[in-house]
Amino acid sequence: MRRSMLLLAVLMVGCGGDDGGGVQPDAANLPACTGVAYDSCTDTTNSTDCAGGTTCRLFMMDGITICTPACDATHPCPNDKDGNP
């Protein structure tokens, strides 16, 4: 639930983009998506619209795709709520 709320908050702030469309009246004041963690993305196959170290993932329950940090030996995933790796 916490993750969903965080994702919702990130999307509400979102990226301004440069397509001229959108319904947010303040969209011109928002930064463009740069592919950093938690930015919107569309390429879930190759993650070409995400910066290095992040992967474009679909969160089907929330209906969004965002660049999420990837875990590896250099960047381990954080422990879960019980302290397990």
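**Disulfides and the β-hairpin of a predicted chain**

Over residues 20-25 pLDDT stays under 50, and for this segment the model has two contacts beyond four places in sequence. The structure is a predicted model, and the mean pLDDT of the chain is 74, with 64% of its residues reaching 70 or more. Confidence is lowest in α1, where the mean is 55, and highest in β1, where it is 91. Where pLDDT is low, the predicted coordinates should not be read in detail. The account below accordingly turns to the strands, the disulfides and selected residues.

The chain contains one helix and two strands, arranged along the sequence in the pattern α-β-β. Of its 85 residues, 19% count as buried. The chain exposes about 6,500 Å², of which carbon and sulfur atoms supply 57%. Among contacts between residues at least 6 apart in sequence, 30% join residues at least 24 apart.

The two strands, β1 and β2, pair in the antiparallel sense over six bridges. Together β1 and β2 form a hairpin with four residues between them, and G63, in the turn, has a positive phi of about 70°. F59 stands opposite I64 in β2, and the bridge partner of R57 in β2 is I66.

Three disulfides are counted in the model. One of them joins C41 to C56, with an S to S distance of 2.1 Å. The torsion about the S-S bond of C41 and C56 is about 95°, so this disulfide is right-handed. The pair links distant parts of the chain: C41 belongs to the loop between α1 (2-13) and β1 (54-59), whereas C56 belongs to strand β1, and the two are 15 residues apart. Both C41 and C56 are buried.

A further disulfide is formed by C50 and C67, whose sulfur atoms are 2.1 Å apart. The torsion about the S-S bond of C50 and C67 is -90°, and the link is left-handed.

The disulfide of C71 and C77 has its sulfur atoms 1.6 Å apart. About its S-S bond the torsion is about 120°, so the link of C71 and C77 is right-handed. Relative accessibility is 42% for C71, which therefore counts as partly exposed. C77 is also partly exposed, with a relative accessibility of 41%.

The surroundings of T54 bring several of these elements together. T54 lies in strand β1 and has a relative accessible area of 13%, which means that the residue is buried. Leaving out residues up to four places away in sequence, T54 touches G35, A37, S47, C67, T68, P69 and A70. One of these residues, C67, is 13 residues from T54 in sequence, yet the C-alpha atoms of T54 and C67 are 5.5 Å apart in space. A polar atom of the T54 side chain also lies 2.6 Å from the backbone oxygen of A51.

S47, one of the residues touched by T54, is placed in the loop between α1 and β1. The relative accessible area of S47 is 14%, so this residue too is buried. With its neighbours within four places in sequence set aside, S47 is in contact with T54, T55 and C56. Of these, C56 is joined by a disulfide to C41, a residue of the loop between α1 and β1.

Definitions and conventions: Residues numbered from 1 in each chain as written. Predicted model: local features only at pLDDT ≥ 70, side-chain atom pairs only at ≥ 80, totals over all residues. Heavy atoms only, no water. Disulfide = S-S within 2.5 Å. Buried < 20%, exposed > 50% of the residue type's maximum accessible area, 1.4 Å probe, protein only. Contact = heavy atoms within 4.5 Å. Areas by Shrake-Rupley, 256 points an atom, 1.4 Å probe, with all protein chains shown as cover. pLDDT = per-residue confidence, 0-100. Pairing = 2+ DSSP bridges. Polar contact = N/O pair within 3.5 Å; in protein donor to acceptor, adjacent residues only side chain to side chain.
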